[in-house]
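Here are my notes on this model, as numbered points. Please read them with the structure open beside you.

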Amino acid sequence: MLLSDQAGQTAAPKIPRPATLRESVIEAIQELIVSGQLKPGQHLVESELAELLGVSRQPVREALQQLSGEGWVDLHPGQGAFVHVPTVEEADQLLAVRTLLETESARLAALHAGEDGVQRLRALCARGIAAVQSDDVDGAVATNSELHTLVTALSGNRVLAELAAQVARRVRWYHTPVARQRGMASWEEHKALIDAIEAGDERRAAKIMREHTEHTRASYMEQRESEPAEPAPKPVRRRRPRQLG
């Protein structure tokens, strides 16, 4: 039975579109980059990636082309594909935008989160602290991303959430190298943020989030300044193939 909108006109139901193989390969390569399994500057050989992901070379080639257009991969004629090495300026600009978006998210979350939202934030915070205590960097980074995504969702502003989602994965890429350095301090800041949200103190929540995101930005910049300008490209390590669903 067809649904009707508020104006009385017939509206077709939304049908979820299954991901294509190329989209699945793009997602897998992005995750390998974000998690640090593929390093900035690393040479990406189509045949090795295809074997690693359990697919043919064609979807890998198509994925690398798209990832090049999105700034994840650099294509050099005659040399091949390499994981993009973010410039300091790129990182600084993106993390600055993240600060603006998430500061407003925190302010609005303090007005709209509600008791259930606060409890969900506290559960994520507890999980993140446990990950830090067990030196599970990947777990801490993933949980950090979940917590920030939830704060934005609790803001109640869908446009803000969409904009934040556009930069979230790249932020996670930049956050991973400094997660251990930030350690428990990051999660103490999260606890203070949640307290402010629970109290409905929008100004305090915004201030804590602004300072929190700036700490991550500063940590990333400090690390970049201590590194060589361009890491030497490395071959992709061969792993047992796995099939993408």
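1. Start with His 212. Setting aside neighbours within four places in sequence, His 212 is in contact with Asn 144, His 148, Arg 182, Ser 186, Glu 189 and His 190. Contact here means heavy atoms within 4.5 Å. His 212 belongs to helix α9. Its relative accessible area is 3%, so His 212 is buried. The cut-offs are these: buried is under 20% relative accessible area, exposed is over 50%, and partly exposed is in between, with a 1.4 Å probe and protein chains only.

2. A word on the source. This is a predicted model, in which local features need pLDDT of at least 70 and side-chain atom pairs count only at pLDDT 80 or more, while totals for chains, interfaces and linings use all residues. Residues are numbered from 1 along each chain as its sequence is written, and side-chain values use heavy atoms, with hydrogens and water left out.

3. Now the overall layout. The chain has nine helices and five strands. Both are DSSP runs numbered from the N terminus: helices are H or I with at least four residues, strands are E with at least two. From the N terminus, the order is β-β-α-β-α-α-β-β-α-α-α-α-α-α. Of the 245 residues in the chain, 43% are buried. Among contacts with a separation of 6 or more, 77% come from residues 24 or more positions apart. The chain exposes about 13700 Å², and carbon and sulfur atoms supply 52% of that area. Accessible areas come from the Shrake-Rupley method with a 1.4 Å probe; for residues, only the protein chains shown count as cover.

4. Look next at the sheet. Three strands form an open sheet in the order β3-β5-β4, with antiparallel pairing. The edge strands are β3 and β4 (73-76), and each pairs on one side only. Two strands pair if DSSP finds at least two bridges between them. β4 and β5 (residues 80-83) pair in the antiparallel sense over four bridges. Asp 74 stands opposite Phe 82 in β5. α3 packs on the sheet and touches β3, β4 and β5; the direction of α3 makes about 110° with that of β4. For such angles, axes are lines fitted to C-alpha atoms, for helices over the stretch in contact, and the angles run from 0 to 180 degrees between N-to-C directions.

5. What lies between β4 and β5? The two strands form a hairpin with three residues between them. Gly 78, in the turn, has a positive phi of about 80°. His 76 has Gly 80 in β5 as its bridge partner.

6. How covered is helix α2 (residues 46-53)? Mostly: six of its eight residues are buried. They are Glu 46, Glu 48, Leu 49, Ala 50, Leu 52 and Leu 53. These buried residues pack against α1 (21-34), β3 (43-44) and α3 (57-69). Gly 54 follows α2, and its phi is positive, near 75°.

7. The aromatic rings deserve a check. A pair of aromatic rings is described by the distance of the centres and the angle of the planes. Rings of Phe, Tyr and Trp (its six-membered ring) pair if their centres lie within 6.5 Å; planes under 30 degrees apart count as stacked, over 60 as edge-to-face and the rest as tilted. By this rule there are three aromatic pairs. One of them is Trp 72 with Trp 173, stacked at 5.1 Å centre to centre with 20° between the planes. This pair links distant parts of the chain: Trp 72 is in the loop between α3 and β4, Trp 173 is in helix α7 (residues 158-175), and they are 101 residues apart. Both Trp 72 and Trp 173 are buried.

8. Another pair joins Tyr 174 and Tyr 220. This pair is tilted, at 5.1 Å centre to centre and 35° between the planes. Tyr 174 is in helix α7 and Tyr 220 is in helix α9 (residues 202-225), 46 residues apart. Tyr 174 and Tyr 220 are buried. Ring pairs link Trp 72, Trp 173, Tyr 174 and Tyr 220 into a cluster.

9. Last, Ala 161. Its place is in helix α7. Ala 161 counts as partly exposed because its relative accessibility is 26%.
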